[in-house]
Amino acid sequence: MSLSPAPVIPTGRLSHSAQPTLESPDGALLSRPWAADADVVHGAYQDAGIRK
């Protein structure tokens, strides 16, 4: 007997949907999917000073 519940949403069901973005009321902060910045973050971590 598995102790894990069955998934509510089938795996992959949302993979073709656009990911949401959230903006603060004053417009100063925008939260977006992390994958959009993956290359930039990877590049930044190549810098030894940032890794420290």
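Biologist: What pLDDT does the protein average, and what percentage of the residues score at least 70?

Modeller: The pLDDT is the predictor's confidence in each residue, from 0 to 100, and the protein averages 85, with 98% of the residues scoring at least 70. This is a predicted model, in which local features need a pLDDT of at least 70 and side-chain atom pairs count only at pLDDT 80 or more, while totals for chains, interfaces and linings use all residues. Residues are numbered from 1 along each chain as its sequence is written, and side-chain values use heavy atoms, with hydrogens and water left out.

Biologist: How many helices and strands does the protein have, and which element has the lowest mean pLDDT?

Modeller: Helices (H or I, at least four residues) and strands (E, at least two) are DSSP runs, numbered from the N terminus. Here there are two helices and two strands, following the pattern β-β-α-α along the sequence. Helix α2, residues 48-51, has the lowest mean pLDDT among the elements, at 86, whereas β1 has the highest, at 92.

Biologist: What radius of gyration does the protein have, and what would a compact globule of 52 residues have?

Modeller: The radius of gyration is taken over C-alpha atoms, and the globule rule is 2.2 Å times the number of residues to the power 0.38. A compact globule of 52 residues would come out near 10 Å, but the protein has 18 Å, and its C-alpha trace spans about 50 × 35 × 20 Å along the principal axes.

Biologist: What percentage of the residues count as buried?

Modeller: Buried means under 20% relative accessible area, exposed over 50%, and partly exposed in between, using a 1.4 Å probe and protein chains only. Of the 52 residues, 0% count as buried. Accessible areas come from the Shrake-Rupley method with a 1.4 Å probe, and for residues only the protein chains shown count as cover; the accessible surface of the protein comes to about 5200 Å², of which 60% belongs to carbon and sulfur atoms.

Biologist: Why does W34 count as exposed, and where is its place?

Modeller: W34 counts as exposed because its relative accessibility is 70%, and its place is in the loop between β2 (30-31) and α1 (38-44). W34 and Q19 are 15 residues apart in sequence and 10.0 Å apart in space, C-alpha to C-alpha.

Biologist: With which residues is P20 in contact, leaving aside its neighbours within four places in sequence?

Modeller: Contact means heavy atoms within 4.5 Å, and, with those neighbours left aside, P20 is in contact with S31, R32 and P33. P20 is found in the segment before β1 (22-23) and counts as exposed because its relative accessibility is 59%.

Biologist: Which side chains meet in a salt bridge?

Modeller: A salt bridge is a side-chain nitrogen of Lys or Arg within 4 Å of a carboxyl oxygen of Asp or Glu, and by this rule the count comes to one. The side chains of R32 and D37 meet in a salt bridge at 2.6 Å, N to O. R32 counts as partly exposed because its relative accessibility is 44%, and D37 likewise counts as partly exposed, at 22%.
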